Amino acid sequence: MPTTSRREIISLTPVRLNGTEFLERMRGKRVIFMGDSMNRSMMQSLVCMLRASLSNTSRVYVDRNKEFEARGYYSFIFEASIRRISPFLVKRVYKGSKEVNLRLDVMDEGTLAIRKSDVAIFNTGHWWNNEKTQGGKNYYQEGNYVHPQLDHMKAFTRALKTWGKWVDHNIDHNKTQEYPKQMQIFEKVSKAMRTPVVYLNTTKLTDFRKDAHVSIYYLERMSPEKEVESLRLQDCGHWCMPGVPDAWNELLYYSLITSGRV
């Protein structure tokens, strides 16, 4: 008897972010973003998407802490708590109000909140360049030793290893799910970790939307002189909202739903 092959057609229906369902699933839980301004944009996008889904927004408020706000920490309260902490994963050392060193071997104190989180979204890499790290001169510190000169990618690798060790020793992976964002260096570090990490890599898809950068349009009500000056102040590192950050949250929501963790 001749055999026939059967072709199976699988239809994939995308799961769109449903704000009310997201909040119901996350009721009483904590979502914490830890990272630089990329994560801030993602957090702001998620807050806007969730708030827009509510018929009564009076119960949405910002948990204000002047000291935390001055350092770029934010906390929004729905039925769930959404917070953003620490532009760097590792600890910045200050003398007064001036940042003097970056500890590659110590996590930022904001990680204390991560231990109680249900979803932790990590992001770093945007600030790891020579311009924002004093060219690596007398900036990176390990223990009591300050490196006279250290390449920023070597420093980044050491910081990520510190992050990896911290996660392995402090995160209950039965409770908290991780969503880091980085590329080759992160992947090498994550392979050596015991804690299972979900890698939500948005880099390639985001790169297709260079047209959606904030560019010169982030300044409002500029004088004619400032308008001319702004042409030299292109912001190519952030995206307009609504826009690309919303897509990151659609993927985050889909990943959470399909993983069965919420």
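The following legends describe close-up views of a predicted model.

**View 1. Helix 5 from its start to its end.** Helix 5 covers residues 152-170, and its 19 residues reach 26 Å from the first C-alpha to the last, which is close to the 27 Å expected at 1.5 Å a residue. At the start of this helix, a side-chain oxygen of Asp151 comes to within 3.0 Å of the backbone nitrogen of Met153. The buried residues of helix 5 include His152, Ala155, Phe156, Ala159 and Leu160, and Trp163, Gly164, Trp166, Val167 and Asp168 are also among them.

**View 2. The largest nonpolar core and the elements that supply it.** This core has 27 residues, and those with the most contacts inside it are Leu102, Leu104, Ile114, Trp128, Tyr140 and Trp163. At least two of its residues come from each of strand 1 (30-34), strand 6 (98-107), helix 4 (111-114), strand 7 (119-122), helix 5 and helix 6 (184-191). Helix 5 gives the most to this core, contributing seven residues. Apart from this core lies another, of 22 residues, which has Met26, Ile121, Trp239 and Leu252 among its members.

**View 3. The surroundings of Trp128.** When residues up to four places away in sequence are not counted, Trp128 touches Phe88, Val90, Leu102, Leu104 and Tyr140, among others; its contacts also include His152, Met153, Ala155, Phe156 and Ala159. Trp128, Tyr139, Tyr140 and Phe156 together form one aromatic cluster.

**View 4. The aromatic pair of Phe122 and Trp163.** The structure holds six aromatic pairs. In one of them, Phe122 and Trp163 are arranged edge-to-face, with 5.4 Å centre to centre and 75° between the planes. Phe122 lies in strand 7 and Trp163 in helix 5, so the pair ties together parts that are 41 residues apart in sequence. Both partners are buried, Phe122 at 2% relative accessibility and Trp163 with a relative accessible area of 1%.

View 5. Trp239 is found in strand 12, which comprises residues 235-239, and it counts as buried at 13% relative accessibility. Trp239 and Trp248 form an edge-to-face aromatic pair, 5.9 Å centre to centre with 75° between the planes, and Trp248 is likewise buried, with a relative accessible area of 4%. Not counting residues up to four places away in sequence, Trp239 touches Met38, Thr206, Arg209, Ala212, His213, Val214, Val244, Pro245 and Trp248. A polar atom of the Trp239 side chain lies 3.1 Å from the backbone oxygen of Arg209, while the C-alpha atoms of Trp239 and Asp211, 28 residues apart along the chain, are separated by 8.9 Å.

View 6. The structure holds five salt bridges, including one between Arg25 and Glu21, whose closest N and O atoms are 3.0 Å apart. These two residues are four residues apart in helix 1 (residues 19-25), and about one helical turn therefore separates Arg25 from Glu21. Arg25 counts as partly exposed at 31% relative accessibility, and Glu21 counts as partly exposed at 31%. Glu99 forms a salt bridge with Arg92, the closest N and O atoms being 3.9 Å apart; Glu99 is partly exposed, at 21% relative accessibility, whereas Arg92 is buried, with a relative accessible area of 11%. Between Arg103 and Asp105, which also form a salt bridge, the closest N and O atoms are 2.8 Å apart. Arg103 is buried, with a relative accessible area of 18%, whereas Asp105, at 32% relative accessibility, counts as partly exposed.

Definitions and conventions:
Residues numbered from 1 in each chain as written. Predicted model: local features only at pLDDT ≥ 70, side-chain atom pairs only at ≥ 80, totals over all residues. Heavy atoms only, no water. Expected span 1.5 Å × (residues − 1). Buried < 20%, exposed > 50% of the residue type's maximum accessible area, 1.4 Å probe, protein only. Polar contact = N/O pair within 3.5 Å; in protein donor to acceptor, adjacent residues only side chain to side chain. Core = buried A, V, L, I, M, F, W, Y, C linked by side-chain atoms within 4.5 Å. Contact = heavy atoms within 4.5 Å. Phe/Tyr/Trp six-rings, centres within 6.5 Å; stacked < 30°, edge-to-face > 60°. Salt bridge = Lys/Arg side-chain N within 4 Å of Asp/Glu carboxyl O.
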